[in-house]
Amino acid sequence: MKIDEIQTPAYVCEKSKLRANLALLQSVGERSGAVVLCALKGFAFSLGMPLVKKYLSGATCSGLHEAKFARQMLGAGAQVHTYSPAFKECDMAEILSLSDHVVFNSASQWRKYRAQAMSAGVQCGLRLNPQTSFAPKDAYNPCGKFSRLGMTLGALERAISEESGFLEGISGFHFHALCEEGAENLERVLEAFEAKFSKYFGVIKWLNFGGGHHITREGYNVELLISLIKKFREKYGVEVFLEPGEAVGWECGYLVASVLDIVENDANIAILDTSAEAHMPDTVLMPYRPTVRGESKEGKFVYRFGGNTCLAGDIVGLEAGEPEYKFDTPLKIGDRVIFEDQIHYTIVKNTTFNGIKLPNLVMVDESGNVEDMIEFGYEEFRRRN
Ligand SMILES: Cc1ncc(COP(=O)(O)O)c(C=O)c1O
């Protein structure tokens, strides 16, 4: 089947672009000596997992379901690292059986699961909060005021003063402080992390630099990243992990929708068989305005794109303050509209709000041939409600 014959809405992953992202991430690992894991929270596109398995060392998971998925998709040879803000007792035995590394978020979680985790033989780590971040927005800043994500230096020192053997059994530390950022910001975060926590580095064998590294974005300073990793590996004799999610799926596919109707109310509003709210949530949360293929700055035909839901604000680009899209030719009912860069943090966050259909998942080759497809329908809505 050719790509223009598929039903909409659909997320279409362009295999050659995904492969190029993964090859770059693999080369960062090879050249720096770091172990690169795919953060499933951002990219869990199942049709892409055979490629992830080929290029990366494993996956980082947010809990039981992602850990199960990682093992199922990436096999016994993959590294599975699992971190949750808090683990549930009923999940823990299975998480430990699936994971190589488990990272705890607080002193109480570590104390609660220490014996169980150590007897399971996994590598245990603590997530630390360097309280330094340059994330663009509070909602994406894991190190801001009142953050629940990771132990601050104060919390760590309190735990050690209460129990001198607190760090026994801990083989690594983890931090996550970046969001779509360059290696220059990583360098600044590492300086803060080192200044605060290096006095405890004697007990660890590994350090996880988290995600948020925008490695596959054009202009990212890969050489600086490699030198920072090498410096840490050499200075402290630790293994370094990176766990990018967005960088795996960055600009490697799109969401294609169809125009169902065009209404006029002081603007032309095209109603699509998709939804910003349900299918492109970061356009609402981040917020940002996705590029539409074929739009033209000077175009005379101007449209807003509305979702097929009851939410008045379900308009693409509205939250970013740029809801207007211009084209050189008029849109017609039945036309396809392609929102670029919609593979990461979309599928993993989908909802069936208003009973709207989940977009199908498609893998396409360079010649526009559909290689593989997963179709969704009513069953997904029924089972979730
Ligand atoms: C602990 C942790 N690791 C990795 C990631 C992946 O980040 P990104 O997709 O921005 O690379 C996240 C994202 O929130 C995270 O919370």
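1. Let me start with Asn354, which is partly exposed because 15 C-beta neighbours fall inside 10 Å. For burial, C-beta atoms are placed from the backbone and the others within 10 Å are counted: 20 or more is buried, 12 or fewer exposed, and in between partly exposed. Asn354 sits in the loop between β14 (336–340) and β15 (360–364), and its phi, near 65 degrees, is positive in a residue other than glycine. Helices (H or I, at least four residues) and strands (E, at least two) are DSSP runs numbered from the N terminus.

2. Two notes on the source. Residue numbers start from 1 along each chain as its sequence is written. This is a predicted model, in which local features need pLDDT of at least 70 and side-chain atom pairs count only at pLDDT 80 or more, while totals for chains, interfaces and linings use all residues.

3. Please look at Asp266 as well, where phi is near 60 degrees, a positive value in a residue other than glycine. Asp266 belongs to the loop between β10 (253–264) and β11 (268–272). Is Asp266 buried or exposed? Asp266 is exposed, since 5 other C-beta atoms lie within 10 Å.

4. Two cis peptide bonds deserve a look. One joins Thr8 and Pro9, with omega about -5 degrees, and Pro9 is placed in the segment before β1 (10–14). Another runs from Met286 to Pro287, with omega near -20 degrees; Pro287 is in the loop between α11 (281–285) and β12 (301–306). As background for these points, most residues other than glycine have a negative phi, and most peptide bonds are trans.

5. On overall layout, the chain is divided into domain 1 (15–249) and domain 2 (261–334), with bounds that come from an automatic or database domain assignment. Taken over C-alpha atoms, the centres of domain 1 and domain 2 are separated by 36 Å.

6. Which residues have the most contacts inside the largest nonpolar core? They are Tyr11, Cys13 and Cys38, in a core of 92 residues. Such a core is a set of buried Ala, Val, Leu, Ile, Met, Phe, Trp, Tyr and Cys residues joined through C-beta atoms within 7 Å. Its largest share, six residues, comes from α7, and at least three residues come from each of domain 1 (15–249) and domain 2 (261–334).

7. Now for the helix pair. The axes of α7 (residues 183–197) and α8 (residues 222–236) come within 8 Å and cross at roughly 25 degrees; axes are lines fitted to C-alpha atoms, for helices over the stretch in contact, with angles from 0 to 180 degrees between N-to-C directions. That crossing makes α7 roughly parallel to α8 (under 35 degrees; over 145 is roughly antiparallel, 65 to 115 roughly perpendicular, the rest oblique). Ala183, Glu184, Leu186, Glu187 and Leu190 of α7 meet Leu224, Leu225 and Leu228 of α8, where contact requires C-beta atoms, placed from the backbone, within 7 Å.

8. Finally, Ser32 lies in helix α1 (residues 15–32) and is buried, because 22 other C-beta atoms are within 10 Å. Leaving aside neighbours within four places in sequence, Ser32 contacts Ile226, Ile229 and Lys230. Ser32 and Val240 are 208 residues apart in sequence, yet 9.1 Å apart in space, C-alpha to C-alpha.

Key: Contact = placed C-beta atoms within 7 Å.
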